Amino acid sequence: MADRVSSSVDKSQSSGTISYLSQREAVEIQDLLTGTLGFSIDQLMELEGLSVAASIAEVYRSSDCNRVLVICGIGNNGGDGLVAARHLCHFGFKPSVCYLDCQPKNPFAGLVTQLESLSIPFLSVEDLPRDLSKEFDIIVDAIFGVSSHGEPRRPLDGIIQWLASLNCHDQTHKRSPAIVSVDIPSGWNVDEGDIGGQGIKPDTLVSLTAPKHCAKKFGGPHHFLGGRFVPPPVAAKYKICVPAFPGTSMCARIEQTSQDDISGLREKDVSPELLKDQLMANPIDQFCKWLEDAVNAGLPEPRNCALSTADKNGKPSSRMLLLRKVDQDGFVWLTNYESRKAREISENPCASLLFFWGGLNQQIWRQVRVEGTVQKTSDEESEKYFPGRPGGSQIAAIVSKQSTIIHAKHLLHQKYEELEAKFSDGNLIPRPENWGGYRLKANLIEFWQGQPCRLHDRFQYSLKEVEGGQVWHIDQLAP
């Protein structure tokens, strides 16, 4: 269905009730803000640039993807880019700026001075490396904004073609920097999008004030709304309908995919490349580092993992469980010794664990696969773990005959309540004999990190016999 550019608002069929602005409306709103409503250009750029930096920080982790090139045009969009560079520096990123109007009397000389005081390097177009992927993890496209008209002129057309060529990394099998476009992907028509289909295809788009019509053609994984300054009367006049900003955040994520379009739900993997020389010699140490990263990223239940076992006939089964402990002796979890997994382990001690940490800082995707043999922990160790469980979980371990068929769940609740009353005086709840720990002693551990084009990084640690002892050997695997 063709875009109705003349209408003031168009609803996205794939994004719920999100509204879109035409170029004319966007310019009118900007004039209204800087006129009747008393905003200065500097104020708007400060708020817009902060929202761009906040959006980048939402997606990309500064400890892993910190090399940022901000390409700034000569208009207000370029000013947004300069402000974003300053905030990115304070957020822990390492920005460099290619400012296409870096002259002594340029209108944003104050912003340039601020960046220079932070020792942020300025690069000319001639200084830029031909292979941007070797020097930068992220490129911020702040060249053209909502006021742009017509075809880009030299040298801007060449820069846009250069950035567009980065989208061809699928064919060259080279990892490209992620591209973040500010409000309008440069070279796109504000109302009609990438008309020729050969323009920049950003990974992240930060729409300011409200998405423009061209944003409906955006196909990247991350779309944010920035510019938290639109007064309610303006929003009402132009029927702006956008997501609410969460809490005190300066950006709000805009969902790109309808619930019916499952194929579009997969995120684009743009993690930093994982190199062999970055890995620790011992896989347990490497695992603990990645687990700590997942904990620090605030992922829900980062110690959850899938345990796969098989019976004596090789019939497999899997289930999720909570890792209780990991050290050089192995991976420990706690369970009922009469459960299905326990029966299968008694028949076949070979098992595997799978940990998945999706979207560390909404961008880095990791998994760890652990293979080895399983044995029970000692009674002393199990006895040590049991009191550390919540009281309700201790009672449930006594009540539930795990994996057996039940005919009336209320009988479980009844037994639970009886024991709850019995131990309400605070007395120690005894560990049932059929409950305890298992330890998986690893002989193979694989670390996986997502990459573009599904050319993921995989490194496998395996035990090898060397001079009568066992040492860990690291191999890189094909994705």
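Are the residues of strand S3 (residues 138-142) buried or exposed? I found five of the five buried, so S3 is largely enclosed by the rest of the structure. Buried means under 20% relative accessible area, exposed over 50%, partly exposed in between (1.4 Å probe, protein chains only).

I noted that this is a predicted model, where local features need pLDDT of at least 70, side-chain atom pairs count only at pLDDT 80 or more, and totals for chains, interfaces and linings use all residues. Residues are numbered from 1 along each chain as its sequence is written, and side-chain values use heavy atoms, with hydrogens and water left out.

Next I checked the directions. Ile138, Val140 and Ala142 point one way from S3, while Ile139 and Asp141 point the other way.

Then I looked up the partners of S3. Strand S1 (residues 67-72) runs parallel to S3, joined by five bridges. Val70 stands opposite Val140. Strand S4 (residues 178-182) pairs with S3 in the parallel sense over four bridges. There, Ala178 is the bridge partner of Ile138. Pairing takes at least two DSSP bridges between two strands.

I turned to the helices. H11 (residues 391-399) and H12 (residues 409-422) pack at about 125°, with axes 10 Å apart. That makes H11 oblique to H12 (under 35 degrees is roughly parallel, over 145 roughly antiparallel, 65 to 115 roughly perpendicular, the rest oblique).

I listed the contact residues, with heavy atoms within 4.5 Å. Among them, Gly392 and Ile395 in H11 meet residues of H12 including Leu412 and Lys415. The contact divides into seven nonpolar, one polar and two charged residues.

Technical notes: Axes are lines fitted to C-alpha atoms, for helices over the stretch in contact, and angles run from 0 to 180 degrees between N-to-C directions. Helices (H or I, at least four residues) and strands (E, at least two) are DSSP runs, numbered from the N terminus. Ala, Val, Leu, Ile, Met, Phe, Trp, Tyr, Cys and Pro count as nonpolar, Asp, Glu, Lys and Arg as charged, and the others, Gly among them, as polar.
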